[in-house]
Amino acid sequence: MDIQPRPFDHPDAVKLNDQVQLEYVARYGDEGDVTPLDPSMFVPPRGLYLLAYDGLGRPVATGGWRTQDENAEGYADGDAELKRMYVVPEARGLGLARRVLAALEEDARAAGRIRMVLETGTAQPEAIALYTSSGYEPCAKFGHYREYESSRCFAKPLAAR
């Protein structure tokens with residue numbers, strides 16, 4: 001598995017983002033995740049976007065983080081927010097999400113961020129299991145979906161190692 005940084009608007013990133021949006025629609029019965037995102041949010045050192053490729057060069061997993069600081073949506077100074085964690089169905093169960101997550105945490109830590117935060121939903125129990133088994137704990141709601149009943153927010157300190 002080859003994990004590479006890519007721009008959020010790279011064609012492979014767009015392809016996987018389209019796929020994850022279809023999955024959100026299927027799971028939640030709405031229009032998908034409408035959180036405003038811009039490619040500039042994932043440019044180092046204020047963020048990073050990663051794509052994982054299989055042995056044939058096909059994009060099979062993705063994830064990114066972006067800088068957040070205290071604001072009206074409930075973020076705190078020093079936050080790094082996970083976005084668009086996704087593994088294509090045929091590559092699930094191989095540990096790809098955990099590898100992408102670890103790489104994103106390490107990069108955010110190196111960029112001086114002190115806490116990784118994420119929002120997911122009740123229709124994604126496998127995501128909740130990944131995050132809780134990776135040391136994330138429930139936290140006060142934040143972000144675009146903070147007032148939705150199905151929203152679940154998690155945080156993990158990014159202490160220096």
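Trainee: E106 first: what does it count as by relative accessibility?
Mentor: Partly exposed, because its relative accessibility is 38%. Keep in mind that this is a predicted model.

Trainee: And which side chain does E106 meet in a salt bridge?
Mentor: That of R109, with 2.7 Å from N to O. The two residues are three apart in helix α2, so about one helical turn separates E106 from R109.

Trainee: Is R109 buried or exposed?
Mentor: Buried, with a relative accessible area of 13%. The cut-off for buried is under 20%.

Trainee: How many salt bridges does the count come to?
Mentor: Twelve. One of them joins the side chains of D69 and R113, at 3.3 Å from N to O.

Trainee: Where do D69 and R113 lie?
Mentor: D69 is in the loop between β3 (59-68) and β4 (79-87), and R113 is in the loop between α2 and β5 (115-121). The pair therefore ties together parts that are 44 residues apart in sequence.

Trainee: What about accessibility for those two?
Mentor: D69 has 29% relative accessibility and so counts as partly exposed. R113, at 13%, counts as buried.

Trainee: Which side chain meets D79 in a salt bridge?
Mentor: R115 does, with an N to O distance of 2.8 Å. R115 belongs to strand β5 and D79 to strand β4, so this pair ties together parts 36 residues apart in sequence.

Trainee: Is D79 buried or exposed?
Mentor: D79 is buried, with a relative accessible area of 1%. R115 is at 24% relative accessibility, so R115 counts as partly exposed.

Trainee: Which residues are linked in a network of salt bridges?
Mentor: E23, R27, R92 and E126.

Trainee: Change of topic, helix packing. At what angle do α2 and α3 pack?
Mentor: About 50°, with the axes 11 Å apart. Here α2 covers residues 96-110 and α3 covers residues 125-133.

Trainee: What do we call that orientation?
Mentor: Oblique. Angles of 65 to 115 degrees would count as roughly perpendicular and those under 35 as roughly parallel, so an angle between those ranges is oblique.

Trainee: Is the crossing of α2 and α3 left-handed or right-handed?
Mentor: Right-handed.

Trainee: Which residues meet there?
Mentor: From α2, A97, R98 and L101; from α3, L130, Y131 and S133. By class, that contact has four nonpolar residues, one polar and one charged.

Trainee: Now the backbone. Where is the cis peptide bond?
Mentor: Between P44 and P45, with omega at about 5°. P45 is in the loop between α1 (11-28) and β2 (47-53).

Trainee: Which residue has a positive phi although it is not a glycine?
Mentor: R84, with phi at about 55°. R84 sits in strand β4.

Trainee: Is R84 buried or exposed?
Mentor: Buried, because its relative accessible area is 6%. D79, in strand β4, is buried too, at 1%.

Technical notes
Residues are numbered from 1 along each chain as its sequence is written. This is a predicted model: local features need pLDDT of at least 70, side-chain atom pairs count only at pLDDT 80 or more; totals for chains, interfaces and linings use all residues. Side-chain values use heavy atoms; hydrogens and water are left out. Axes are lines fitted to C-alpha atoms, for helices over the stretch in contact, and angles run from 0 to 180 degrees between N-to-C directions. Helices (H or I, at least four residues) and strands (E, at least two) are DSSP runs, numbered from the N terminus. Angles under 35 degrees count as roughly parallel, over 145 as roughly antiparallel, 65 to 115 as roughly perpendicular and the rest as oblique. A crossing is left-handed if the near helix is turned anticlockwise from the far one by less than a right angle, and right-handed if clockwise. Contact means heavy atoms within 4.5 Å. Ala, Val, Leu, Ile, Met, Phe, Trp, Tyr, Cys and Pro count as nonpolar, Asp, Glu, Lys and Arg as charged, and the others, Gly among them, as polar. A salt bridge is a side-chain nitrogen of Lys or Arg within 4 Å of a carboxyl oxygen of Asp or Glu. Buried means under 20% relative accessible area, exposed over 50%, partly exposed in between (1.4 Å probe, protein chains only).
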